[in-house]
Amino acid sequence: MAKPQAGAPLTERILERLPGPRLAWVLAWALVPWLNLAVVTASGAENWATTDSLSAEVSNRGAVTFAVLLSLWGSARISDQLRLLGPALVKVVERDEPAVNRLFHGIDSTLAPLLLTAAAVIVLPLDEALAGEPMAALIQAATWLVIGIPLGTAVWVYLTLQTGLIRLGRSHLALDAYRGDRSLGLRPVGRLAFTGFWLLFGSVAPLVVTSMSDLPGTIMGITVLVAGVVVFFLSLRRLNRQMVAVKQRELERALALYREAYQPIHDEPTLAVLQQQVGLLSAAEALEKRVERIQQWPFDEATFANVVTIASSVAAVIIARLILDPVGL
């Protein structure tokens, strides 16, 4: 049995304490939704009136399985990236490595994921309970008691990550002038932030899309998605401002060179003076081009476009389902 790593998310600590191969337990966790479907079918808690209704349930179980696997992978991935973040940001943040790591403290909380799991266990079976189906409500609650742990851990890891990014943005960063790194040394931060974004959307969006008939689950999922997008951009806003300030400062240097080069030409607009200033003008132009390459976010433009595309696509699918499902389309 492996010794649990300090600072690891709850699911990582659970998997490291369990005997036997890790992969076997991960697969067992991912198969819980299918066990739920088998139990529901055998108990008669649900009667599949049509093939479409059964197909919808199968799609939902597939989405839950994917969410569980992604949550387990994503939580471990973010935890690993955080361990590498300290050494990468020591010069940028002007703090020692332990101080950088403390910006993201709390990722190893046990209580927070369990509270999120408890909330799912209480809220999600409500529609079955209110419909007078105690057996279905009990099966739903028992299922979410198990799969809620990886999903709750993933949500908590995401929130901890965003909180840490907010703390990082409040720090005074030693963002030097552009010297080839378009991210000004913050590329690991952008990679980490996008991993968190993909973890949240990849886990929750399929659940929302495949469970429109489950009103409590749909409301909870949409709330998590909307809050996740808002928090994602808010957490990086201060870093964005500092990067924009560096870009503006470098642009002012380029403009100063342009002014210095054009002043003699303005005073004496002759070909000879222009030829004398060619070197300075070339330097100003080269500096301007370098400044244009500086990113305004810790990730590049393609990644930013991916974030916007994913968020807008998921929103469009959810809105379409909300409109079309009630009319049977």
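In this predicted model, Leu10, Thr11 and Ile14 of helix α1 are in contact (heavy atoms within 4.5 Å) with Ile149, Pro150 and Thr153 of helix α8. Helices here are DSSP runs (H or I, at least four residues), numbered from the N terminus. Residues are numbered from 1 along each chain as its sequence is written.

**Helix α1 against helix α8**

- The axes of α1 (residues 10-17) and α8 come within 8 Å and cross at roughly 135°, where axes are lines fitted to C-alpha atoms over the stretch in contact, and angles run from 0 to 180 degrees between N-to-C directions.
- That angle makes α1 oblique to α8, since angles under 35 degrees count as roughly parallel, over 145 as roughly antiparallel, 65 to 115 as roughly perpendicular and the rest as oblique.
- The contact of α1 with α8 has four nonpolar, two polar and no charged residues (Ala, Val, Leu, Ile, Met, Phe, Trp, Tyr, Cys and Pro count as nonpolar, Asp, Glu, Lys and Arg as charged, and the others, Gly among them, as polar).

**Helix α6 against helix α8**

- Helix α6 (residues 111-123) and helix α8 (residues 134-170) have axes that come within 7 Å and cross at roughly 135°, which makes α6 oblique to α8.
- On the α6 side the contact is made by Ala112, Pro113, Leu116, Thr117, Ala120 and Val121, and the residues from α8 include Trp144, Leu145, Gly148 and Trp156.

**Helix α2 against helix α3**

- Helix α2 (residues 22-30) packs against helix α3 (residues 32-43) at an angle of about 40°, with the axes 4 Å apart, and that makes α2 oblique to α3.
- Ala28, Trp29 and Ala30 of α2 make the contact with Val32, Pro33 and Trp34 of α3, and by class these residues are six nonpolar, no polar and no charged.

Definitions and conventions: This is a predicted model: local features need pLDDT of at least 70, side-chain atom pairs count only at pLDDT 80 or more; totals for chains, interfaces and linings use all residues. Side-chain values use heavy atoms; hydrogens and water are left out. Helices (H or I, at least four residues) and strands (E, at least two) are DSSP runs, numbered from the N terminus.
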